[in-house]
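Here's a quick rundown on the salt bridges in this one. Have the structure open while you read.

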Amino acid sequence: MPSAEQPRDQVSLKAAYATCERLARQHYENFPVGSRLLPRKMRPHVAAVYAFARVADDFADEGERPAGERQRLLDDWLERLRAAAGPTVGADLGRPSSGR
């Protein structure tokens with residue numbers, strides 16, 4: 001519940017970062033170890049990127065989903081990323097770069 005000192009969007013952001021950090025730590029790969037090398041202030045941001053990529057990877061190759069469903073999930077995930085990034089950045093996400 002937001003307080004007078006902490007607006008609702010900040011509470012939601014803190015909860016989102018906490019969810020990303022939990023997801024990242026649930027995977028035994030390199031994230032829990034590697035994140036210790038980062039400055040503490042950077043860890044939630046890196047956990048968010050890791051969580052996004054982890055979910056995308058799970059859509060792509062975990063479970064028994066047919067290829068079409070996997071592609072639909074990945075397309076939806078990309079659209080969510082574009083929406084979160086906003087129109088200035090989001091339009092270019094997932095498109096080949098010009099190599100500059």
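What follows covers the salt bridges, grouped by helix.

This is a predicted model, where local features need pLDDT of at least 70, side-chain atom pairs count only at pLDDT 80 or more, and totals for chains, interfaces and linings use all residues. Residues are numbered from 1 along each chain as its sequence is written, and side-chain values use heavy atoms, with hydrogens and water left out.

Side chains of opposite charge can pair when their charged atoms come close. Counting a salt bridge as a side-chain nitrogen of Lys or Arg within 4 Å of a carboxyl oxygen of Asp or Glu, you get five.

**Helix α3**
(Helices are DSSP runs of H or I, at least four residues, numbered from the N terminus.)
- Asp57 and Arg54 pair up, with their closest N and O atoms 2.7 Å apart.
- These two sit three residues apart in helix α3 (residues 43–61), so about one helical turn separates them.
- Arg54 is buried at 12% relative accessibility (buried is under 20% relative accessible area, exposed over 50%, partly exposed in between, with a 1.4 Å probe and protein chains only).
- Asp57 is partly exposed at 31%.
- Salt bridges also link Arg54, Asp57 and Asp58 in a network.

**Helix α4**
- Asp76 bridges to Arg80 at 3.0 Å, N to O.
- That pair is four residues apart in helix α4 (residues 67–85), so about one helical turn lies between them.
- Asp76 is partly exposed at 35%, while Arg80 is exposed at 51%.
- Glu79 meets Arg82 in a salt bridge at 2.6 Å, N to O.
- Glu79 is partly exposed at 44%, whereas Arg82 is buried at 15%.
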